[in-house]
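Thank you all for coming. I would like to walk you through one structure today, so please have a look at it before I go on.

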Amino acid sequence: MLQLQAIRENKEALIAALNKRGIDATALLDTVAQLDEQRRATQTQLDATLANANKLSKEIGQLFKTGKAQEANVLKERTTALKEESKTLTDTLNTSAEALQKALYQIPNVPHSSVPAGVTEADNEEIFQEGAIPTLNADALPHWELAKKYDIIDFELGVKITGAGFPVYKGKGARLQRALISYFLDKNSAAGYTEMQVPHLVNEASGLGTGQLPDKEGQMYHVGEDDLYLIPTAEVPVTNLMRNELVAENDFPICYTAYTPCFRREAGSYGAHVRGLNRLHQFDKVEIVRVEHPSESYNALDGMVEHIKTILRELQLPFRILRLCGGDLGFTAALTYDFEVFSTAQDRWLEISSVSNFETYQANRLKLRYKDSDGKSRLAHTLNGSALALPRVLAGILENYQTADGINIPEVLVPYCGFDTIG
RNA sequence: GGAGGAAUGGCAGAGUGGUCGAAUGCGGCAGUCUUGAAAACUGUUGAGGGUCACACCUCCGGGGGUUCGAAUCCCUCUUCCUCCGCCA
């Protein structure tokens, strides 16, 4: 959520920056500015009325105390009108405050200056590429074929017990999955992230805090009876750990990592792009989350990018990094880098990580503040990234490490797996 | 699920109708002392709105009510604790 003060002071600049997302926010920001003004005007009136009533109350108290009940009763009469007035004003105030909140929820984050303008993923900017793309035999298979051949992932079985997009991992497939989770968590811990285990269902306030709510309800599974949401990413519970917190400046950086399953409804696509592990309703992910001092957040973002690079190097997967363009940027992010692994057998890049700086956008919703050295409380910056998302890493490993004799396991994972080939 | 108790500032914890935005302690910040640090001592320190700055307004779990006036009384919801029941 953008800060009102910023909208008041830099409306034109914000409109220009938001334009990078391919949207014209003029009308929305005008509405906000107008509602804001309305709200403040009403607030001023209400404050004056209340100040008046407070003053009278004090006088009445004094009069009663000194035994002048007669005079007190005269003053009492005058408070009646004030009461009604303040009631009306309060109603008006609530109405415009609600409208203001609603309008603010509709404005996405302002893209960072380095974000390229653009509409679709074709406009994303490749900033880095590394790792040799292996040459495979002509009969190399995509991972969904490999999964069947070696009986390590069963998609049909998942359909039977739940539905499409809920695979069952079997035998060495399950073990490899667990190995990846442990490996990622260990890497993240070693890099200074505190490992957390968090609930997989969250309440509405948490969804609002990180920006999944309102307006994007349809993307999350909702448990109606208890009014809880299945998390689409660990970002939600982990970042919300800090909701309504006022931290000390020297608490920074706050670094967490967590493994969770992720649940996404993601209706509406089809074909090879959603085959196999490419897109699922339930998948596993290890997330890293940071809360930072505003002056440090972009250094931290670079650090997160470097950290993820080291993991992919160890796994020896060819990867590239994209700077997302305005049109592809998530609603709450100011700057996002996507990591993609090249899947040789599918001959395409698969997104395996998304690393973002949200600046104060989430913090404003979360009321996540820190006490500055001058004693003022200010909004912190939040960041997060996948380190990493399992299914497509798994797909990349299966496809890129396949040989005529079976699938090799990347060296760093062998101690976690307890085997070095699937064959 | 049943019975009882509780929710107050960054934390702990007083406060049962006006003098309470709220004692005290801890923590934080500044200073004295010290080569430096610690200890000790002194001062300072809740959040939000509003203002150029004051004034002023709001906030004692959420919502509603009583009253001229509510942290304090009433209703309701939520959460936590204790005991009982059930249970991985």
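The centres of domain 1 and domain 2, taken over C-alpha atoms, lie 43 Å apart; in chain A these domains span residues 4–105 and 121–422, with bounds from an automatic or database domain assignment. Please keep in mind that this is a predicted model, in which local features need pLDDT of at least 70 and side-chain atom pairs count only at pLDDT 80 or more, while totals for chains, interfaces and linings use all residues. Residues are numbered from 1 along each chain as its sequence is written, chains are lettered from A and ligands numbered from 1 in the order in which they are written, and side-chain values use heavy atoms, leaving out hydrogens and water.

Turning to charges, the structure holds 14 salt bridges, each being a side-chain nitrogen of Lys or Arg within 4 Å of a carboxyl oxygen of Asp or Glu. One of them joins Asp-36 and Arg-40, at 3.5 Å from N to O. These two residues are four apart in helix 2 (residues 26–65), and are therefore separated by about one helical turn; helices here are DSSP runs of H or I with at least four residues, and strands are runs of E with at least two, numbered from the N terminus. Asp-36 is buried at 2% relative accessibility, whereas Arg-40 is partly exposed at 35%, where buried means under 20% relative accessible area, exposed over 50%, and partly exposed in between, with a 1.4 Å probe and protein chains only.

Lys-170, partly exposed at 25%, forms a salt bridge with Asp-154, the closest N and O atoms being 3.3 Å apart.
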